[in-house]
Amino acid sequence: MTDAVGGEGDVSIVIVGGGYAGMMAANRLLGSLNRKERERVRVRIVNPTDRFVHRIRLHEHAAGIANASLDLRSMIHAETAVVLGTGAQIEPDAQVLHVHTVTGEQQLAYDWLIYAVGSHGASQTPGVSEFAVPIADVDGAAEIARQMNTKDVRGVCVVGGGQAGVETAAELAEAHPATTVTLIAGSELVSAMRPAARKSIRRRLQRRGVTVLDSLHVLKVTPRGVHTDDGVRREFDLVVWAAEFEVPELAARSGLPVDSIGRLLVDDTLQCVADAHILGAGDAVKPPYTVSAHLPMGARTALPMGGAAADTLLAHLRHQNPRPISIGLLGPSISLGRRDGYVQLAHPDDTPTRIAVTGWAGAATAGPRSCHPARRHPGRSRRVSRALRLPRRRVSAGAGRRRAPTVSICRRRRLDQSLVTRAAPFLEEHVLSTPATSFLSFALVEGYVVVRWGDHGGHPTSESPTAGPPRPARASCRRCACAEAGIRTVREPVRLLPVPVRKRPEID
């Protein structure tokens, strides 16, 4: 490994923004340097506060069941310095960043700058800044929780049909069942997802008592509610705004090239098209269409972009040619309360597949830190819950009248290995590395992963790559084997191996 700096002197790297992209860039950068390189490289993060905002948990913060504000220093590399302030101006020629702090303005000289300022809630609709509460930051989520707990809130309106609006509406409806929750979704509910997903999410919201209004837009927010474009004035005690997001104006104010909404223009290696010493990552940058056409704004894009920006910078420091970014996505995941969720598996270019993880397994993926499956008697519920929906083929699971939520991958003659690769990580990080010819299915039953194995003919095998002592095969008595694990209907002789699911810690 070559040293990061060819000559004498330190290399100063400034990261503007301590969100997902900035945090990942700092950690990837310092974690990839050897000891001699770290002695010459200095990394500083400029952030308004010393808190890291876990934005994908803001809906839980608003419902009062989780804390989305974490200690920033606990999320970044120990050798990263934190400067509390807001970036005011970038001088590319002088390579200086002007920062507004509580003690006055500071000037930070840099050799390389990573632009990762992220996005925040917009308030272009009349009355939003005065009478609505945004869900785009911790302060807004905390204000929602305060009003829900201290005021007599009987009706809540959540404006925005994207992921933030859907998750907020579902969480508030479940945490406050006596409150009427209305979701005004705009043109279409979760428009980026396939029609079957939109139908399923709508049904699950309505099951929680959420009234979904789409093909409807809010024209004005008033102290008593909202005015919509159908000419109706709807009264609410609280209006939660999750409809619009915008990026800071730092790049435009500094004379750097931006697109029509103010995002920094970068090339396919995330370097600014006007200054090679400025890199960008996250919501506030716009790479070329050839490498970013499938990349939406959000945490699932900001994290890999932060790592890619660090890789580009490492290549320059080591006098190598950076590679164009190549980011593949697994698909969106939406939390619909404590015991329900919807995870749409997708191809690397984010086009949806026909597979969706729902129910308890969907909640474990979309909200793993706060998913608590209910402990009920196996014979108390008649409801059939299918956690993984597949075309044409189904496997039911349950004992007696109760059918447990099932995650199953089956085949008739041959199992596609890519299906196993995509679906395995969604079971509480329980990844199964197994040949496609021997893997039959796995199921989530009462907090256990039940694995089904078989050879080419569907007969049970004697070995399993799963950790834990092997259990004797009982395929000769299908009824006893199935009753032991709660699987009532199977198509091949199977060997059943329950594996405890690892629990994830709650957010402090």
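Reply: Gladly. This is a predicted model, and it holds 18 salt bridges.

Me: What makes the contact of R38 and E79 a salt bridge?
Reply: The side chains of R38 and E79 come to 3.5 Å, N to O. The cut-off is 4 Å between a side-chain nitrogen of Lys or Arg and a carboxyl oxygen of Asp or Glu. The pair falls within it, so it counts as a salt bridge.

Me: Which parts of the chain does this pair link?
Reply: Distant ones, 41 residues apart. R38 is in helix α2 (residues 35-40). E79 is in the loop between β4 (69-71) and β5 (81-84).

Me: Why is R38 called partly exposed?
Reply: R38 has a relative accessible area of 25%. Buried means under 20% and exposed over 50%. The value for R38 lies in between, so R38 is partly exposed. E79, with 43%, is partly exposed by the same rule.

Me: How do you know that D214 and R202 form a salt bridge?
Reply: Their closest N and O atoms are 2.3 Å apart. That is within 4 Å, so the pair qualifies.

Me: What does this pair tie together?
Reply: D214 lies in strand β14 (residues 210-214) and R202 in helix α7 (residues 195-207). The bridge therefore ties together parts 12 residues apart in sequence.

Me: Are D214 and R202 buried, partly exposed or exposed, and why?
Reply: D214 has 26% relative accessibility, and R202 has 24%. Both values lie between 20% and 50%, so both residues count as partly exposed.

Me: What makes D230 and R234 a salt bridge?
Reply: Their side chains meet at 3.2 Å, N to O. The limit is 4 Å, so they count.

Me: Which residues does a network of salt bridges join?
Reply: R57, E60, E171 and R338. They form one network because their salt bridges share partners.

Me: What is in the largest nonpolar core?
Reply: It has 60 residues. I13, I90, Y115 and L264 have the most contacts inside it. Helix α10 (residues 299-317) gives the largest share, 9 residues. Apart from this core lies another, of 36 residues, among them A62, M148, V153 and V240.

Me: Why might nonpolar side chains gather like this?
Reply: In soluble globular proteins, such side chains tend to be buried together.

Me: What does L264 touch?
Reply: Leaving out residues up to four places away in sequence, its partners include Y115, A251, L256, C272 and I278.

Me: How do helix α1 and α10 cross?
Reply: The axes of α1 (residues 20-32) and α10 come within 7 Å and cross at roughly 35 degrees. The crossing is right-handed. Among the residues in contact are Y20, M24 and L29 of α1 and A302, G306 and L313 of α10.

Me: How many residues of this contact are nonpolar?
Reply: The contact of α1 with α10 has 12 nonpolar residues, with 3 polar and 2 charged.

Note on methods. Residues are numbered from 1 along each chain as its sequence is written. This is a predicted model: local features need pLDDT of at least 70, side-chain atom pairs count only at pLDDT 80 or more; totals for chains, interfaces and linings use all residues. Side-chain values use heavy atoms; hydrogens and water are left out. A nonpolar core is a set of buried Ala, Val, Leu, Ile, Met, Phe, Trp, Tyr and Cys residues joined through side-chain atoms within 4.5 Å. Buried means under 20% relative accessible area, exposed over 50%, partly exposed in between (1.4 Å probe, protein chains only). Helices (H or I, at least four residues) and strands (E, at least two) are DSSP runs, numbered from the N terminus. Contact means heavy atoms within 4.5 Å. Axes are lines fitted to C-alpha atoms, for helices over the stretch in contact, and angles run from 0 to 180 degrees between N-to-C directions. A crossing is left-handed if the near helix is turned anticlockwise from the far one by less than a right angle, and right-handed if clockwise. Ala, Val, Leu, Ile, Met, Phe, Trp, Tyr, Cys and Pro count as nonpolar, Asp, Glu, Lys and Arg as charged, and the others, Gly among them, as polar.
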